[in-house]
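Please look through the briefing below alongside the sequence and the model.

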Amino acid sequence: MTAAVAERSEHYAVVERAEPRKPRRNEPCRSELRLGEVLSAMSFALDITEGQPCGHSARSCLIAMHIAEKLHLPAAERSALFYAVLLKDAGCSSNAAKMAYLFGADDRKIKHDLKSINWSKAIEGFRFMRQNVSPESSRLERFLKMAAMLLHGPGGAKKLVLTRCERGAEIADELGFPAATAQAIRDLDEHFDGQGQPRGLRGEEISLAGRIAGLAQTFEVFYSKLGLTTALEMTLARSGSWFDPQLVCVLHRLATEEEFRSELARRDADVAVAAYEPHEVPRFADDGLLDRVAEAFAHVVDAKSPWTFKHSRGVADLAVGMGRAVGFGADRLRRLRRTALLHDVGKLGVSNLVLDKPGKLTVEEYTAVKKHPDFSERILLRVPAFADMAEIAGAHHERLDGQGYYRGICSDTLPLEARILMVADVFEALTAARPYRAGMPPEKVLEFLERDAGASVCPTSLNLLKRHLSRKDFTSRVEHQLEALDLLAQDLAAPVCLAC
Ligand SMILES: [Fe+2]
Ligand SMILES: [Fe+2]
């Protein structure tokens, strides 16, 4: 990645640092945390995966909820729509590696730019490919890559979108949302004229929530990038093809209202949208549900690359084992597990060109990687229930001697949880394979860590790891990585998907 690419890619991963949020009192029954507050903040993680500005999903949700109110949808339907739009991109990390391989370009840029073109028009799709395939390769390499992409048939494209939609819908199911939420996610890229993906549904075959979500997300992309007038013009131009004409009319009526316009312009879309969570169908983020949110987002992170597949879960299992070895109580263990599950959430803001590079990183690429703990910290700071985990997650690459990142602080001043997480993370990562090396045997990794104990590695945490491993067998995730790589290879034999 050149310096120019590194500079440009900054745009795709800007997470503003926020103060920890306090619970608000704008609705009845405010004594408990609402799930909408958690998901609207966590949706920033999905935005950076998609190369969209932070707040894209939350603002899309705001638009969708205004449309739903104009249509006087019942509370249950508004509720299903609300969570569907916040989670609409939950399946998108699963195709990030494919996009990077297929285009030979930053997956976040490809995903970002694809949202701005009318990919159902062949000429626009071809022009996009010509401009974006392997931008830093020779003309011959670019030609060969484009030819390979064009030779594949539409069946594979459908499969790729289907996989992505199904993954997002599965996550909605795992979190216990109604079937209507999962269906809206499945229908997100269907078009009113039947030319969308993955099923080519037409008109009212597409769920109403899916039609609203599709309109809201595309309108938001154009609004944020090009302003209200252009966004409205786009919806008119695609009325009847991409979008339900009746919904376009509703949106245009809304656009004349000052309240709608001023809410669209708010920078804190994640805060604004929480007030639209239908309180007639309350969903409170109790401990069990927060655990599932952390597990779900760990899946999203780990799905970004076959090389990181199941990494977060593995780190969480090790960290909890180490916490048990030192005698942590149930609450402390729960918090440690959530932190470990989400420690790499900031990796969603790093290009797969870098994460999956089969060689030594350049200085610019390493600089990009070193930002991910900061992104993790910034994202978690925005989530009311996770803000107290942010500092520990942000410190998972620090070292005792101050030679770590992103702050470069001497980490012996950090809480034990942070030092446990550092050791668990290194052990898990070294026993797994990377694009440029095989996984190391656990005993070799322990020897390696032992050499640095007291210098860069926390000796207390290393002893806890050894105690844990003496009680419980450890199996590296190399086999799972190979399965994920095999799936990627199969998908790469399918054509490019311009709807992804
Ligand atoms: Fe990390
Ligand atoms: Fe990690």
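What covers the buried residues of α17 includes α16 (287-302), α18 (330-342), α23 (416-431) and α25 (459-471), where helices (H or I, at least four residues) and strands (E, at least two) are DSSP runs numbered from the N terminus. A residue is buried if 20 or more other C-beta atoms lie within 10 Å of its own, exposed if 12 or fewer, and partly exposed in between, with C-beta atoms placed from the backbone. This is a predicted model, in which local features need pLDDT of at least 70 and side-chain atom pairs count only at pLDDT 80 or more, while totals for chains, interfaces and linings use all residues. Residues are numbered from 1 along each chain as its sequence is written, and chains are lettered from A and ligands numbered from 1 in the order in which they are written.

**Helix α17**
- Because 12 of its 16 residues are buried, α17 is largely enclosed by the rest of the structure; among them are His311, Arg313, Leu318 and Met322.
- After α17 comes Gly327, which has a positive phi near 90 degrees.

**Before α17**
- Lys310, in the loop between α16 and α17, has a positive phi of about 70 degrees although it is not a glycine.
- Lys310 is buried, with 20 other C-beta atoms within 10 Å.

**Whole chain**
- The chain has 26 helices and zero strands, and 49% of its 500 residues count as buried.

**Cis peptide bonds**
- The bond from Gln197 to Pro198 is cis, with omega near 0 degrees, and Pro198 lies in the loop between α10 (179-186) and α11 (208-226).
- Tyr405 and Tyr406 are also joined by a cis peptide bond, with omega about 15 degrees.

Methods: Two residues are in contact if their C-beta atoms, placed from the backbone, lie within 7 Å.
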